[in-house]
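Here is a friendly walk through one protein model, written for a first look at structure. Please keep the 3D view open as you read.

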Amino acid sequence: MQQITAKENEGYIFSRTLDNKAIVLPIGIALAYSILERCLGWDELHEVPLWVYLMAVVACDVGHVSCSFLMAHQASCSGHGRVYKMLIPVVCLILLVLCLSHDSIAWIGIGYATLAHYVQQQYFFLTVAAGRAKRQPTTFENITLAVGSAAPILIWHMDTERGFDWFFRDDPLLVQIPEELLPLVLIIYCGVGLIYTAKSIVKRETTTAVSKIIATTWLSWGVGILYPSKTASMLFLTAPHAIMSFFSTFFTVRNKWAVAGVQARSDLEAFSRCLVTSPVYYLLFLLLLALCEECLWEALVWREWSTSLFQHYESSSDLISVYTALLLTPQTLHILYEFLLWDERTNPGVCEAVGVQHIASRQVMFA
């Protein structure tokens, strides 16, 4: 694989070939699963075969979380890891208090933080795609991306029959938006989409990385929020997010290690460097961590696939709350770390590693 700072790849986030794989492939995976689900009549999550669940849910949703810890370790080895270490006990303590008192608050809070995290990532890639083409995203591109995610979320919050089902729990929505606003939201949603599409066709920009990021954002949020199947809709949201995380973390960490030199100062650092020498090592390690985490969730909390295996090990509600808080800690840290890891002030050298050192760090973070 080529370094993402290569001259011939200007205008692409990674490269011409890899952009197609990272941006288009996730939508193809989600679409294939949706067709398979409809053909085989899988109505609920427990009807999905275990191997499909592991590939579609665990590999994407759980697997990408550890990307942040790999980047945080790299930042720590470079002498900038204090803030990442300090967050671990703070987050764990807050989640422990919330889960023991009212676990629904913890789940809803993490859910809405995840929404913000997904939107932030899409703005990040929009800015990187434009920056690699030696320009800033235009105001209308930023507006189009915002409308593509905000409109489906607003429509979701107008549905009185749906709860906050991000984690298949049906917790109550934080706010209910009046249904009378639906026509206005649809007019803005359709209008902005049509105008951007027409402009892209006229300017012949339909194949650029910026256009692909915006199109993927609209598809993932539109289908992900409004599609009736919970599992398929979750995959439309998480697959693009997760696969782009896999790609971006791999290249960024590898490029930063290349700049830092070849001499590892510890066995753990040597192992971290080894992981990004090959995408196979890298993905296998992340998927192994994801499988371990999912097994802990299943054994200690869910018990949906292995009821008979753990039927003799009943836990009290307080103990399950403690397990939940501990297992929610990686996901929460992942969200917080992502807001820090792509900022030059808390992770020096990240802009150069991404190939947009000519753009201010805050512009990369928040477009």
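The chain folds into 13 helices and zero strands. Helices (H or I, at least four residues) and strands (E, at least two) are DSSP runs, numbered from the N terminus. Read from the N terminus, the order of elements is α-α-α-α-α-α-α-α-α-α-α-α-α.

This is a predicted model, in which local features need pLDDT of at least 70 and side-chain atom pairs count only at pLDDT 80 or more, while totals for chains, interfaces and linings use all residues. Residues are numbered from 1 along each chain as its sequence is written, and side-chain values use heavy atoms, with hydrogens and water left out.

**The chain as a whole**

Of the 367 residues, 51% count as buried. Here buried means under 20% relative accessible area, exposed means over 50%, and partly exposed lies in between (1.4 Å probe, protein chains only). Contact means heavy atoms within 4.5 Å. Among contacts between residues at least 6 apart in sequence, 72% join residues at least 24 apart.

**Salt bridges**

How many salt bridges does a search of the whole structure find? There are three. A salt bridge is a side-chain nitrogen of Lys or Arg within 4 Å of a carboxyl oxygen of Asp or Glu.

| Residue pair | Closest N to O distance |
|---|---|
| Glutamate 269 and arginine 273 | 3.1 Å |
| Arginine 345 and aspartate 343 | 3.2 Å |

Now look at the surroundings of each partner. Arginine 135 is partly exposed at 31% relative accessible area, whereas glutamate 141 is buried at 6%. In the remaining pair, glutamate 269 is buried at 2%, and arginine 273 is buried at 13%. Glutamate 269 and arginine 273 sit four residues apart in helix H9 (residues 267-275), about one turn of the helix.

**Helix H10**

Which residues of H10 are buried? They are Tyr282, Leu286, Ala290, Glu293, Glu294, Trp297, Glu298, Ala299 and Val301. Among the elements that cover them are H2, helix H3 (66-77), helix H4 (82-132), H8, H9 and helix H11 (317-341). At the start of H10, a side-chain oxygen of serine 278 comes within 3.1 Å of the backbone nitrogen of valine 280. After H10 comes arginine 303, which has a positive phi, near 55 degrees.

Of its 22 lining residues, Leu25, Ile29, Met55, Cys60 and Ile243 are the closest to the centre. Helix H1 (16-40), helix H2 (50-62), helix H8 (230-260) and helix H10 (279-302) each give two or more residues to this lining.

On a 1 Å grid over the protein atoms alone, a pocket is an open set of points where a 1.4 Å probe fits, with protein on both sides within 12 Å along at least five of seven lines; lining residues have an atom within 4 Å of a point.

**Histidine 157**

Histidine 157 lies in the loop between helix H5 (139-156) and helix H6 (182-202). Is histidine 157 buried or exposed? Histidine 157 is buried, with 4% relative accessible area. Not counting residues up to four places away in sequence, histidine 157 touches Tyr112, Leu173, Val175, Gln176 and Ile177.

Notes
A polar contact is a pair of N or O atoms within 3.5 Å; within protein, one must be able to donate a hydrogen and the other to accept it, and residues adjacent in sequence count only if both atoms are side-chain atoms.
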